[in-house]
Amino acid sequence: MTEATLLQKLREGEGFALIGKRLQRLDALGKVLGLPLYTSDIAPRDALKIKVVRSTVPHALIKGIDTESAKKVPGVLAILTAHDIPGINEAYALLPDRPLLATAKVRCQGEAIAIIAAEDSETAEEAGDKVRVEYERLPAVTSPIEAMKPDAVRVHEGGNIAKYLKIRKGDVNEGFRQADVTIENTYKTQFQDPTALEPEVGMAWLEKDGSVTCVGSMQTPYYVQTGVARVLGISPDKVRVIQATTGGAFGPKSDEMPVDTCAMSALVARKTGRPAILAYSRHESMIAHTKRHPFVIMLKTGATNDGRLTASEALVVSDTGAYASLGPLVIIRACFHATGPYVIPHVKTDAYCMYTNNTMAGSFRGFGSPQVHFAAESQMDELAKKLDMDPLDLRMKNILRPGTLTATSQLVDEACGLEECARRATEAAEWHTRRREFAGDRSTFRRGIGIALMYHGNSLGPEGNDYAYVHVVIKPDTRVVVRTALTEYGTGAISGLAQITAETLGLPIDLFELDRPDTASCQETGPTVASRVIVIGGRAAQIAAQKLKHKILIVGADLLHCEASSLTIKNGLVSHLQDERRTVTFQKVVEECYKRHVSLTETGYYIAPKCDFEAETSQGTTYQQYTYGAVVAEVQVDTELGIVKPPRITVAYDVGRAINPLSLEGQIEGGTIQALGYGLMEQLTHVDGVVANPTLGDYYIPTSLDIPEMQTIIVEYPGAVGPFGAKAMGEPPVDLPAAALANAVANATGSRVFELPLTAEKVLSAIRKAQ
Amino acid sequence: MKFNVNGKDHALVVGSTERLLDVLRDRLNLKGVKEGCGTGDCGTCTVIMDGRLVNSCLILAVQARNRKITTIEGVGTSEKPHPIQKTIMKYNAAQCGFCIPAMVLAGKNLLDHNPKPSRDEIKEAISGVLCRCTGYYKLIEAIQDAAKEVSGVKV
């Protein structure tokens, strides 16, 4: 077999028993039956209810906190302020900038000041209303651009820059000299609320030995353990954290809020000796938790008359609100992806993560990528317009292909399916036909079509140590338990780990069970973020499975009197590869292992190779592999009212390897609609630092009536890192839809909206301006 | 107050301001009824009351007097799930799962009244329940598929 046909077979997934199969998730039955799974469902009956008193102003000195009348409300058991914290009053994810409870100052609306524990929620609520906080208002800075000015209000003493990063490749001035056309535009994006259907919730109780157990809705139990231990002033091993079934997360449940809910519950439990639960209201959640960073992106792009990109200069500024959360990492990813997936010889990018007195932004699916792709892809269409080219042709002249270099001069490897994604998405969407059909349409309801392309660096890259531990246990009755502190919060990725383990072990999936993530039984494993579970966790699962397989085969070989290397596990049997009669049941080998005290508990550990990007030179490898994709959106614009409807969307992604195409489609579809909301309707509005629409009655997310006809195309160019070549696919589906919609609206109306979301007001004003 | 929940009669003393949601969750221990917003916007607290979908966070418990309520606990069992529960599993349409009890009830209520719904009728029927994970596509497919079983078409 030639190497090419071998690769082809590998691509087609030939020889896999389970990889690439549309398998059911392992956690489905409890969910469809509505069993009590989530934190609030399993709270102890005697748990105290917690109410948090939060700042109502964006920037102020706290002159006094009067809790006297609140204390008198019958049923109130404890009122705690910063003075009652026995450990360190910090609840940060990255930079030590955020107290759990404010002391002398509040820097944004919604900052926690006091916590009240009562027998029931109504009492806690009533007492909360009676806490009087005396503020001395300070001037607030609520625009990241204003925050950059030297005389701006300082949010923190160290200044307003939470992170700065640059890229310098080639000589940007030379690049612009080579350009025949240069365009310059400013793009803006908004706060997007993640709106997991289950708001933040955590609970805690004391154990008899004085240790604390926390249960909550979260992505990363070990972050919670560290955070709670810090606040309580005890050793982390005295804090046990268990992830309850989590009703959606999308990022914010990885960094700060699960620390808040669990730490506040633990403080109350310690003070009162009673279990305590803190469940955010939706209103509270929308103000307090982290949202998608708003960005201001100034782009200058140069190209030759025949459409070769020569230079890109970008200023990328994010608004992280009053506290950094993971903003400094979000800006890194944004900076790396700011050019879009194109070959540009001369690049200059400056990226700033700025503090303001707005509410906190942080981790959110996409992590800086949707913002910069919106800008870069809008810019490509503006450039195409200026060059009088088809936007698809302009892109195809410049896209990343194997052998080209990214903005940081990383060599693009063979695992780059961008061209195929663009080709297949545009074919399926009938790009050329539709463009001709829509051109020259002057009716009131005008149709348009837009395209956007992306690349998405997988996993953490330079954002952190990229490792995972996965434990696999074969029980005496041959059930296999997969256990890890990586968490399930909706994606199905943990079922994917079981699928990878089953494939590697040669066992059927119905033997598999998933254990609850629990710091008492799972090794610390890094955060469950950045679509890491399959790519990095999957490798760890493979390693654990290989170790177990090795043991099974050695014991099997002993039973069959042959070499372990001549055996395989298939269909519940351990059999000789050449002589099918020499066989023993898997069950028998497992029993034998237990009899001989051969442990069938194994841990797989995997750490991704380091990326050699250096901040100093701003060049090098930023991520070990990339996901690529193309989205084509069609819109219908009511040119009298400005209302945009999206009748059709076509997406193609190079996923490396589809482990479970059914779950993968679920990720792509869900991400597309979350991003459609981002593009068309979602905006958490701050007025002078105060959130104006923190309810789902005022902040709209897409319903079943808002979704377009959708086609998903899966392209597979196996990546270098992920198991079986799998690439990250949790986050990438949110990167492009807003950009494709913006380009479709510009195609329909002839006038561009430079700011998300594409509301009727903005679309209409752009149309009017062009007239 | 008397009412029937999942086929069982209950007699309870309830406060005049108690929400149906809290009575179901806290007094009858029906934890499948979720609270996602408390303002009637997200629909995760949806239950069926006398054949109609209601947001149990917006209904006072006393309004359920002499009514018949169905919650997710009254639909299907692990041995015999409702056709919609089976197809939601088949399509991996339950991701985080928080909206699923309400989605199952919305789908079931639709099929109870209209065993052969069009795609648009399905979209309309579940439009009161928000889902942030699936983009609704797999849920719609699941209900379409379940309709075939309910209306006797061999799947």
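Two strands pair if DSSP finds at least two bridges between them, and the strands themselves (E, at least two residues), like helices (H or I, at least four), are DSSP runs numbered from the N terminus. This is a predicted model, in which local features need pLDDT of at least 70 and side-chain atom pairs count only at pLDDT 80 or more, while totals for chains, interfaces and linings use all residues. Residues are numbered from 1 along each chain as its sequence is written, and chains are lettered from A and ligands numbered from 1 in the order in which they are written.

**Exercise 1. Describe the hairpin of S9(A) and S10(A), then follow S10(A) to its other partner.**

Step 1. Start with the pairing: strand S9 (residues 201–206) of chain A joins S10(A) in the antiparallel sense, over 5 bridges. Within this pair, Ala204(A) has Cys214(A) as its bridge partner.

Step 2. Now look at the turn. The hairpin has 5 residues between the strands, and Gly210(A) takes a positive phi near 90° there.

Step 3. On to strand S11 (residues 239–243) of chain A, which pairs with S10(A) in the parallel sense over 5 bridges. Gly216(A) is opposite Gln243(A), and Val215(A) is opposite Ile242(A). As background, strands of a sheet pair through backbone hydrogen bonds, either parallel or antiparallel.

**Exercise 2. Is S10(A) enclosed or open, and how is S11(A) covered?**

Step 1. Apply it to strand S10 (residues 212–216) of chain A: 5 of the 5 residues are buried, so the strand is largely enclosed by the rest of the structure.

Step 2. For S11(A), 4 of its 5 residues are buried, and the strand is mostly covered.

**Exercise 3. Work out how H16(A) sits against H17(A) and against the sheet of S20, S21 and S22 of chain A.**

Step 1. Take the two helices. The axes of H16 (residues 532–560) and H17 (residues 586–595) of chain A come within 9 Å and cross at roughly 95°. Axes here are lines fitted to C-alpha atoms, for helices over the stretch in contact, and angles run from 0 to 180 degrees between N-to-C directions.

Step 2. Classify the angle: H16(A) is therefore roughly perpendicular to H17(A). The cut-offs are under 35 degrees for roughly parallel, over 145 for roughly antiparallel, 65 to 115 for roughly perpendicular, and oblique for the rest.

Step 3. List the contact residues. H16(A) contributes Lys551(A), Ile552(A), Val555(A), Gly556(A) and Leu559(A), and H17(A) contributes Val589(A), Glu592(A) and Cys593(A). Contact means that the C-beta atoms of two residues, placed from the backbone, lie within 7 Å.

Step 4. Sort them by class: 5 nonpolar, 1 polar and 2 charged residues. Ala, Val, Leu, Ile, Met, Phe, Trp, Tyr, Cys and Pro count as nonpolar, Asp, Glu, Lys and Arg as charged, and the others, Gly among them, as polar.

Step 5. Turn to the sheet, which is open, has 3 strands in the order S20-S21-S22 (chain A), and is antiparallel in its pairing. Its edge strands are S20 (567–570) and S22 (583–585) of chain A, each pairing on one side only. From one strand to the next the twist averages 20°.

Step 6. Look inside the sheet: S20(A) and strand S21 (residues 573–576) of chain A run antiparallel and are joined by 4 bridges. Leu567(A) is opposite His576(A) in S21(A).

Step 7. Bring the helix back. H16(A) packs on this sheet, touching S20, S21 and S22 of chain A, and its direction makes about 115° with that of S20(A).

**Exercise 4. Which elements of chain A touch chain B, and with what kinds of residue?**

Step 1. Count the two sides: 42 residues of chain A are in contact with 42 residues of chain B.

Step 2. Identify the elements. Helix H2 (28–33) and helix H18 (661–680) of chain A are those giving two or more residues, with the largest share, 8 residues, coming from H18(A).

Step 3. By class, chain A's side has 16 nonpolar, 20 polar and 6 charged residues.

Definitions and conventions
A residue is buried if 20 or more other C-beta atoms lie within 10 Å of its own, exposed if 12 or fewer, and partly exposed in between; C-beta atoms are placed from the backbone.
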